[in-house]
Amino acid sequence: MLQNLWDHRIACAAVVLFAIGFATLLLHRNLMKKIIALNIMDTATYLFLTSLGYISNRTASIITDGVTEMERYVNPLPAGLVLTGIVVSVSVTAVLLGLTIRLYQRYHTLNLDEIYMMAQQEQEEDT
Amino acid sequence: MKHNLRRWLAQWDAGELDFTAKTASPELPQPRAETEWSKEPVRRLERRQAAAFNRIYPVLAAILCTVMIGFLFFTVSELPAFGSSDSPAHNEVTKRYVEQGMAETGAVNTVSGVILDYRAFDTLGESHVLFTATTAVLILLLTAQEEAEPKQQREIMQRDPILRQTAKIVVPLAMLFGIYVIFNGHLGPGGGFAGGSVIGGALILYVVSFGFERLEKLLNLKTFRIIVLCALCFYSLSKCYSFFCGANGLETIFSAGTPGRIFSAGLILPLNIAVGIVVACTMYGFYSLFRRGRI
């Protein structure tokens, strides 16, 4: 098992990155840090996906010298999937940052607990 | 300097960094002082419960994280051998993409062929996700308020000779490089997303060093809308056409051409340009929205 883990050290690095992001997401109450943690988790996923597409002793999947044998190129599919993922994560990050700015303008804090308390109190006052 | 940075980080950590103070609209309710709600008995009870929850929560979170890491490491250790060619990820789909891709799409770069021809629907959705995100940020931040940044500070930044001279050299080169990457998308590493980000970065650098006023004549909210909508509509309509023809076995007017030539690969080059325009405008739009609340 340890040998196998060492062979998959890139995937292990991805797991560690994912865990760092997940722990930050759970443990920190600061919205900015939560967004950063989400981005770290995204990156871990891309690293893992790209490592799945790799085949040793092959080149990037750009056809050179007219050779179209599968035996020469790595898997092009994970690269395309990662490209999609990057764009989606950029969009999600932008929307999250926009929402955070609005929350900050209203409550003057980035702490999720305080925001929650104030929002609850506002709700009680309304009813 | 170091002390300042540490204090800034500590403030940031506590969530009390006041970087949007000037943008807070007066009609929004101001936050209450601490004393106002800590005196209420009901609130105190809730706070005690919250304190108990706050004690248990980190432990639970740590346990959850550990269990998840254990599962993930176990899964990783069971994966098929790294870098081997007979893992189940490399199946007949990949084989088809690599071996027939150049003949069918005309793209030398197989990844471009996959994302803009075989799986163009995917990329169409992707561009629309970007567009939707810009719209959402626009709705969230587009307010008729004064610019978030003090004018004085901006002027100091723009008078910086090092920044201006560097920008004079770097901006045209970055633009050119971005255009090269977009036009080279079907021939080598590159494509609409990468090139569009480079152009967007060049636009941001220009705006940082020379101010928004100059670029605004060329790229304001109106032209932004028109450019992005035209690019997205062109993408959707041309792909509708090619999907319709492909599904019914008809010949399209876009031929694959000679692989390796710049005007080849049928729709891939125009689609790359459309995607590049959308991405460049979106990157600049995000920056402009976050910096001053409008495009």
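## A kinked helix in chain B

In this predicted model, helix α4 of chain B, which covers residues 92-105, has a kink of about 50° that is centred on Glu99(B). Several residues of α4(B) are buried, namely Thr94(B), Tyr97(B), Val98(B), Gly101(B), Met102(B) and Thr105(B). In general, an α-helix has 3.6 residues a turn, so residues three or four places apart point the same way.

After α4(B) comes Gly106(B), a residue whose phi is positive, near 85°.

## Chain B as a whole

Chain B is built with 12 helices and 0 strands, and of its 295 residues 28% count as buried. If one takes the contacts in chain B with a separation of 6 or more, 72% of them are accounted for by residues 24 or more positions apart.

Helix α5 of chain B (residues 110-118) packs against helix α6 of chain B (residues 120-141) at an angle of about 80°, and their axes are 4 Å apart. An angle from 65 to 115 degrees counts as roughly perpendicular, and α5(B) and α6(B) are therefore roughly perpendicular to each other.

On the α5(B) side the residues that take part are Ile115(B), Leu116(B) and Asp117(B), and these meet Ala120(B), Asp122(B) and Thr123(B) in α6(B). Sorted by class, this contact of α5(B) with α6(B) has 3 nonpolar, 1 polar and 2 charged residues.

Once its neighbours within four places in sequence are left aside, Thr282(B) is in contact with Leu130(B) and Thr134(B). Thr282(B) and Phe73(B), which are 209 residues apart along the chain, have C-alpha atoms separated by 38 Å.

Leu163(B), which lies in helix α8 of chain B (residues 161-183), has 15 C-beta neighbours inside 10 Å and therefore counts as partly exposed. Between the C-alpha atoms of Leu163(B) and Leu187(B), which stand 24 residues apart along the chain, the separation is 35 Å.

## Where the two chains touch

The contact between the chains takes 53 residues from chain A and 55 residues from chain B. On the side of chain A that touches chain B, the helices α1 (2-7), α2 (9-27), α3 (31-53), α4 (77-107) and α5 (112-126) of chain A each supply at least two residues.

Which helix gives the most to the side of chain A that touches chain B? It is α4(A), with 19 residues. The residues on that side of chain A divide into 33 nonpolar, 17 polar and 3 charged.

## Two residues in chain A

His108(A), which has its place in the loop between α4 and α5 of chain A, has a positive phi of about 55° although it is not a glycine. His108(A) is partly exposed, with 19 other C-beta atoms within 10 Å.

Asp113(A) lies in helix α5 of chain A, and with 13 C-beta neighbours inside 10 Å this residue counts as partly exposed. Asp113(A) and Val16(A) are 97 residues apart in sequence, and from C-alpha to C-alpha they are 28 Å apart in space.

For the complex, the predictor gives an ipTM of 0.83 and a pTM of 0.78. Chain A has a mean pLDDT of 86, with 100% of its residues reaching 70 or more, and within chain A the confidence is lowest in α1(A), at a mean of 80, and highest in α3(A), at 91.

Chain B has a mean pLDDT of 77, and 76% of its residues reach 70 or more. Confidence in chain B is highest in α8(B), at 90, and lowest in helix α2 of chain B (residues 34-38), at a mean of 49. Over residues 20-26 of chain B pLDDT stays under 50, and for these residues the model has 13 contacts beyond four places in sequence. Where pLDDT is low, the predicted coordinates should not be read in detail.

Conventions
Residues are numbered from 1 along each chain as its sequence is written. Chains are lettered from A and ligands numbered from 1 in the order in which they are written. This is a predicted model: local features need pLDDT of at least 70, side-chain atom pairs count only at pLDDT 80 or more; totals for chains, interfaces and linings use all residues. Axes are lines fitted to C-alpha atoms, for helices over the stretch in contact, and angles run from 0 to 180 degrees between N-to-C directions. Angles under 35 degrees count as roughly parallel, over 145 as roughly antiparallel, 65 to 115 as roughly perpendicular and the rest as oblique. Two residues are in contact if their C-beta atoms, placed from the backbone, lie within 7 Å. Ala, Val, Leu, Ile, Met, Phe, Trp, Tyr, Cys and Pro count as nonpolar, Asp, Glu, Lys and Arg as charged, and the others, Gly among them, as polar. The bend at a residue is the angle between axes fitted to the seven residues ending there and the seven starting there. A residue is buried if 20 or more other C-beta atoms lie within 10 Å of its own, exposed if 12 or fewer, and partly exposed in between; C-beta atoms are placed from the backbone. pLDDT is the predictor's confidence in each residue, from 0 to 100.
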